[in-house]
Amino acid sequence: MPVELIEKYFPDLSEKQKNQFAQLEELYAEWNEKINVISRKDMDSLYEKHILHSLGIAKVMEFVPGTKVLDIGTGGGFPGIPLAILFPEVQFTLVDSIGKKITVVKEVSEGIGLQNVTAIHTRAEELKEKFHFVVSRAVTQMPVFLTWLKGKFEKQNLNAKRNGVLYLKGGDLTEELAGLKTEIFPLQNYFESEFFETKKVVYLSKENFLS
Ligand SMILES: C[S@@+](CC[C@H](N)C(=O)[O-])C[C@H]1O[C@@H](n2cnc3c(N)ncnc32)[C@H](O)[C@@H]1O
């Protein structure tokens, strides 16, 4: 029951959002045949391992309308596409250094009628636009990732409480995050399955890494 899984944790979805989530399975199956962006094994648990996992960021941060969010190394559109469905009034820019992945992101987001997604084939380091938040999953180690973020943030904060990076990470992060001031939100606090036992959202305020 793929869409039911999303509804279980996000009970306020509109019919439009439910339909958009439901359409993802067929679209990804179709595009994955042409361009492999999701492993065959993971396609069987697309809703849990990719869609719900991406939405873990929404349990930590309610993006207000008008927020601009950058997803670095989006691959097939994670976490950007599920978040763009959930927050239709937030602007999402999804970038990846591999062009064919961006083709899939464009086709899938157009296929479900998302108006708030821009997909760009570029290396994150070369992007010149500015954002309120950066999100990401499974791209590189945090210290390297942070070096890509110089000049990427709007001066003006939109959210009173938080502005900066929300990164989906798993496993033991002690070494990787040593010396960085982070807030860590374990996803097992929000989602029940075993898959989320070691998964976390790592938040870093932009003031903590931009000098
Ligand atoms: C392991 S995949 C993760 C994809 C997606 N975030 C997910 O969780 O399914 C890492 C992605 O980061 C992209 N990537 C690596 N370095 C990058 C860079 N400097 N700028 C943009 N994309 C990058 C790769 O092309 C790849 O698609």
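## Helices, sheet and ligand shell

The axes of helix α2 and helix α6 (residues 99–111) come within 10 Å and cross at roughly 150°. Axes here are lines fitted to C-alpha atoms, for helices over the stretch in contact, and angles run from 0 to 180 degrees between N-to-C directions. This crossing makes α2 roughly antiparallel to α6; angles under 35 degrees count as roughly parallel, over 145 as roughly antiparallel, 65 to 115 as roughly perpendicular and the rest as oblique. Helices (H or I, at least four residues) and strands (E, at least two) are DSSP runs, numbered from the N terminus.

The structure is a predicted model, in which local features need pLDDT of at least 70, side-chain atom pairs count only at pLDDT 80 or more, and totals for chains, interfaces and linings use all residues. Residues are numbered from 1 along each chain as its sequence is written.

The crossing of α2 past α6 is right-handed, a term used if the near helix is turned clockwise from the far one, whereas a left-handed crossing has the near helix turned anticlockwise by less than a right angle. On the α2 side, Gln23, Leu24, Leu27, Tyr28 and Trp31 meet Val104, Glu107, Val108 and Gly111 of α6. Two residues are in contact if their C-beta atoms, placed from the backbone, lie within 7 Å. The contact of α2 with α6 comprises 6 nonpolar, 2 polar and 1 charged residues. In this classification, Ala, Val, Leu, Ile, Met, Phe, Trp, Tyr, Cys and Pro count as nonpolar, Asp, Glu, Lys and Arg as charged, and the others, Gly among them, as polar.

Helix α2 (residues 15–34) also packs against helix α1 (residues 2–9), their axes coming within 9 Å and crossing at roughly 140°. The two helices are therefore oblique to each other, and α1 passes α2 in a right-handed crossing. Here Pro2, Val3, Ile6 and Glu7 of α1 meet Lys18, Phe21, Ala22 and Glu25 of α2. The contact of α1 with α2 has 5 nonpolar, no polar and 3 charged residues.

Helix α1 has a further partner in helix α4 (residues 46–60), packing at an angle of about 40° with the axes 10 Å apart. These helices are therefore oblique as well, and α1 passes α4 in a right-handed crossing. Pro2, Leu5, Ile6 and Tyr9 of α1 make this contact with Tyr47, Glu48, Ile51 and Leu52 of α4. The contact of α1 with α4 includes 7 nonpolar, no polar and 1 charged residues.

Attention now turns to the sheet. Its 7 strands form an open sheet in the order β3-β2-β1-β4-β5-β7-β6, with mixed pairing. Because β3 (117–121) and β6 (183–186) stand at the edges with a single partner strand each, one side of each is left without a neighbour in the sheet. From one strand to the next, the twist averages 20°. Two strands pair if DSSP finds at least two bridges between them. Strand β1 (residues 68–72) and strand β4 (residues 133–137) pair in the parallel sense over 4 bridges, and aspartate 71 stands opposite valine 135 in β4.

Helices also lie against this sheet. Helix α4 lies across β4, β5 (164–170), β6 and β7 (199–205), running at about 50° to β7. Helix α6 packs on the sheet by touching β2 (91–96) and β3, and its direction makes about 165° with that of β3.

Two loops hold backbone features of note. A cis peptide bond, with omega of about 5°, joins phenylalanine 78 and proline 79; proline 79 lies in the loop between β1 and α5 (80–86). Alanine 138 has a positive phi of about 60° although it is not a glycine, and this alanine 138 lies in the loop between β4 and α7 (142–147).

The ligand has 17 residues around it, of which Gly73, Gly75, Phe78, Ala124 and Arg137 come nearest. A residue is near a molecule or strand if its C-beta atom, placed from the backbone, lies within 6 Å of it. The shell around the ligand divides into 7 nonpolar, 5 polar and 5 charged residues.
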